[in-house]
Amino acid sequence: MVQPFPPGMRVEEIETDGATIHTRVGGQGPAVVMLHGFGDTGDMWAPLAAALVASRTVVVPDLRGMGLSCHPERGYDKTTQGQDVARLLDRLGIDKADLVTHDIGNMVGYAFAAQYPTRVTRWVVMDAPLPGIGPWDEILTSPALWHFNFRGPDVERLVQGRERIYLDRFWNELSATPASIDEETRRHYAALYARPGAMHSAFEQFAAFAQDAIDNKAFAAKGKLAMPVLAIGADKSFGTAMADALRFVASNVAGLVIANSGHWLMEEQPAATVAAITGFLK
């Protein structure tokens, strides 16, 4: 089930450049920012927030166009969304933060860290590639990732009213055990992705990958990130390839593989995933 966030965490609607970002904030102490990906929203991070909020300032946004954030016409390139993260931290008066990311959140996280390297103290990056980095061209040919190029007006018409069917494909095929994403969780996220404009915005996240690849190559050419990085892969998904890929863009990378999990680490193996993240952030 999708857990509620800890009592005392509040919601703020934070204006960035061209977007209003739905953000959960709470706790006190050094800040940690958590970025979700496709098929989830910031709601995925509630168990991790519960583990950290007593000693950390926890910041959990929904990416632009996803969850309860607004659906602007543009700005789905990850460079712009990295700037969203910077602006919302500015609004909250936070200079530096640890970063925890998954899936498309990884791509936004890299764009944020590459543009503002002094603002990221540590980075936990989980189970998804970075466009343009490492074996990206090979990854693009994988039949399992056909959805990277599945978009357009006709696709949106096909998916409209059938969001649950489309999302079930991701939860079923990219998990180690589909039953680990339970019915309540599926209904919760399917309802959010069925909101007006939500699937269009989600498809725009993927449509931006070509530009993201160009931007990421330019970021990488400027030098590797220096902050400590923990690259977590699922043993039934990216596995050790996560650390291998991050070493193209960061110089201080530790790798870790979560056993008995597919891509949906926080849903499939929440205890092991939270333990790995909190151990690294300490």
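Student: Why roll a probe at all?

Tutor: Because a probe the size of a water molecule, rolled over the atoms, shows where empty space is left.

Student: How many cavities of 30 Å³ or more are there by this rule?

Tutor: The count comes to one.

Student: Before the lining, what should I know about the numbering and the model?

Tutor: Residues are numbered from 1 along each chain as its sequence is written. The model is predicted, so to speak with conditions: local features need pLDDT of at least 70, side-chain atom pairs count only at pLDDT 80 or more, and totals for chains, interfaces and linings use all residues, while side-chain values use heavy atoms, with hydrogens and water left out.

Student: Which residues line the largest cavity?

Tutor: Among them are Ile21, Leu35, Pro61, Asp62, Arg64, Gln81, Asp84 and Val108. Helix α2 (residues 78–92) gives the largest share, four residues. Helices here are DSSP runs of H or I with at least four residues, strands are runs of E with at least two, and both are numbered from the N terminus. By class, the lining has seven nonpolar, one polar and three charged residues. Ala, Val, Leu, Ile, Met, Phe, Trp, Tyr, Cys and Pro count as nonpolar, Asp, Glu, Lys and Arg as charged, and the others, Gly among them, as polar.

Student: And how do I read a pocket?

Tutor: A pocket is an open set of points with protein on both sides within 12 Å along at least five of seven lines. In this model the largest pocket has a volume of about 320 Å³. Its lining has 22 residues, of which Leu145, Leu174, Ser237, Phe238 and His263 lie nearest the centre. The lining divides into 14 nonpolar, four polar and four charged residues.

Student: Now for helix packing: at what angle do α3 and α9 pack?

Tutor: Take the axes, which are lines fitted to C-alpha atoms, for helices over the stretch in contact; angles run from 0 to 180 degrees between N-to-C directions. Helix α3 (residues 104–115) packs against helix α9 (residues 209–221) at about 35°, with their axes 11 Å apart. The crossing is left-handed, a term for a near helix turned anticlockwise from the far one by less than a right angle (right-handed if clockwise).

Student: Which residues of α3 and α9 meet there?

Tutor: From α3 you have Ile104, Met107, Tyr110, Ala111, Ala114 and Gln115, and from α9 Phe209, Asn216, Phe219 and Ala220. By class that contact has eight nonpolar, two polar and no charged residues. Contact means heavy atoms within 4.5 Å.

Student: Is Met107 buried or exposed?

Tutor: Buried, because its relative accessible area is 3%, and buried means under 20%, exposed over 50%, partly exposed in between (1.4 Å probe, protein chains only). Leaving out residues up to four places away in sequence, Met107 touches Lys78, Pro129, Leu130, Pro131 and Phe209. Ala111, also placed in helix α3, is buried at 1%. Beyond its neighbours within four places in sequence, Ala111 is in contact with Lys78, Thr79, Gly82 and Phe219.

Student: What about backbone angles: which phi value does Asp103 have?

Tutor: Phi of Asp103 is positive, about 60°, although Asp103 is not a glycine. Asp103 sits in the loop between β5 (97–102) and α3, and counts as buried because its relative accessibility is 13%. Asn260 has a positive phi too, near 55°. Asn260 lies in the loop between β8 (253–258) and α11 (265–268), and at 52% relative accessibility Asn260 counts as exposed.

Methods. 1 Å grid on protein atoms, 1.4 Å probe; cavity = no way out; pocket = protein on both sides within 12 Å on 5 of 7 lines; lining within 4 Å. Points joined across faces, edges and corners; volume = space filled by probe spheres on them.
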